[in-house]
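Q: I'm new to this one. Can you walk me through it?

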Amino acid sequence: MAVQTAATSTDSAAANSATANSGSVDLGPAAALSCRECGHRVPLGPVFACEECFGPLEIAYDFSAYDTEELRRRIESGPANIWRYAPLLPVPADVAGKPNLNPGWTKLVQADNLARELGVTGGLYVKDDSGNPTHSFKDRVVAQALEAARAFGFTTLSCSSTGNLAGAVGAAAARAGFRSCVFIPHDLEQGKVVMAAVYGGDLVGIQGNYDDVNRFCSELIGDPAGEGWGFVNVNLRPYYAEGSKTLAYEICEQLGWRLPDQIVVPIASGSQLTKIDKGLQELIKLGLVEDRPYKIFGAQAEGCSPVSTAYKDGHDVVRPQKPDTIAKSLAIGNPADGPYVLDIARRTGGAVEDVDDAEIVDAIRLLARTEGIFAETAGGVTVGVTRKLIKNGLLDPEKTTVVLNTGDGLKTLDAVAGTGLTATIRPSLDAFREAGLA
Ligand SMILES: *Cc1c(COP(=O)(O)O)cnc(C)c1O
Ligand SMILES: [Zn+2]
């Protein structure tokens, strides 16, 4: 199945690298791509911007044939990974048999110790996505993009990454037999660079920040050099983004098919947050959970807080910032989904808040000390923001609350530098006593 690449170099060709592969692709219940701004529909293909208004395209589904109880049984008897939700995702029905990293079904940890520390009485849970194959939530989104890449006949997987995505793409490409070539800012944490490089694909450091990397990738898509390349978060973005819905599905199923009252979600581009909302809405419409109010809260680092700044200022537009924070996985200064995040936080009665680097480190230590979960900086952001939202009265401690930890602390060891030995002693009981440890 060959992908035809547009030969022109106009803006719209650059925005939509290849012509849509109309009709013949089997991506399960995915029916078409639909513009989030004007509703214009186009056939499924490796395109991401509306040809009418340049708005972002997203997947439109046909779920009309589903019976609620039958669907619930089908999900519950499915594999212990994201493919249990295949009937709700843009993937072929036989996806579980294809070479993929099969992420998901991560632990929803009942965090009673943290709850006591934060004064939460309504039930506090940490959805711990560090348990995914490459130790971040990104495996969920890459798994979807890989299936789309396969369907469209791409042979190279690529992306612009703040770190975790690079590793997830490298690993998925290795498993599935694709070439990979991924682009990152040159100054990322060592743990993320090694994690991305070890799978054997090409890893390119760009002299600039994430927004520069992203701009470069957009140029590459419009160029013959990028022909046959699936950029998971650019020309495959509509498919990629749907992977975040699985967080919503898993949280509700793990709570016994119940919506949580409040969810605290980190924001980089804002895609994860908007798709968690989409996932919750689908569960309500399909009758899999009872329809009752929930609030979605967004969490940012103060050093890269374009969305929380807009939220607090009461603005609808998000003004780009130059990131400067230890939470590099969230350091997107010009977040594509920023305005949609503002809509969702306001519509659901949530909020968007930020914490500074010291608060992030403090929260990483708090989560580790109370629950035995070592989060990367993004997890420090969500836990720190949760604490702040309780203090300023925006998050109700008497309601069921889920906080996302989206990555593993082993990748961001520098954030907790100085953490180490309690003492160094001679191998004798005397020395042990002298050190005050007995
Ligand atoms: C990418 C990422 C996110 C969220 O990214 P969005 O672009 O907002 O979807 C959250 N946490 C970690 C650790 C990430 O790597
Ligand atoms: Zn449009």
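Q: Which residues are closest to ligand 1?
A: Ala-268, Ser-269, Gln-272, Thr-406 and Gly-407 are the closest of the 16 residues that surround ligand 1. A residue is near a molecule if its C-beta atom, placed from the backbone, lies within 6 Å of it. This is a predicted model: local features need pLDDT of at least 70, side-chain atom pairs count only at pLDDT 80 or more, and totals for chains, interfaces and linings use all residues. Residues are numbered from 1 along each chain as its sequence is written, with chains lettered from A and ligands numbered from 1 in the order in which they are written.

Q: How does that shell divide into nonpolar, polar and charged?
A: Five residues are nonpolar, nine polar and two charged. Ala, Val, Leu, Ile, Met, Phe, Trp, Tyr, Cys and Pro count as nonpolar, Asp, Glu, Lys and Arg as charged, and the others, Gly among them, as polar.

Q: What does UniProt place at Lys-138?
A: The unreviewed UniProt entry lists "modified residue: N6-(pyridoxal phosphate)lysine" there. Such annotations may be inferred rather than shown by experiment; positions follow the numbering used here and feature names are shortened.

Q: Why does Lys-138 count as buried?
A: Because 34 other C-beta atoms lie within 10 Å of Lys-138. Buried takes 20 or more, exposed 12 or fewer, and partly exposed is in between, with C-beta atoms placed from the backbone.

Q: Where does Lys-138 lie, and what is it in contact with?
A: Lys-138 is in helix H4. Helices (H or I, at least four residues) and strands (E, at least two) are DSSP runs, numbered from the N terminus. Leaving aside neighbours within four places in sequence, Lys-138 contacts Asn-164, Leu-165 and Ala-168; contact means C-beta atoms, placed from the backbone, within 7 Å.

Q: Changing topic: which helix holds Arg-369?
A: Helix H13, residues 357-371. Arg-369 counts as exposed because it has 12 C-beta neighbours inside 10 Å.

Q: How far is Arg-369 from Leu-114?
A: They are 8.8 Å apart in space, C-alpha to C-alpha, and 255 residues apart in sequence.

Q: And H9, is that mostly covered or exposed?
A: Mostly covered: nine of the 10 residues in H9 (245-254) are buried. Among them are Leu-247, Tyr-249 and Cys-252.

Q: What covers the buried residues of H9?
A: The cover includes strands S4 (107-110), S5 (124-128) and S13 (401-405), along with H4 and helices H8 (237-242) and H10 (271-285).

Q: What follows H9?
A: Gly-256, with a positive phi near 85°.

Technical notes:
Contact = placed C-beta atoms within 7 Å.
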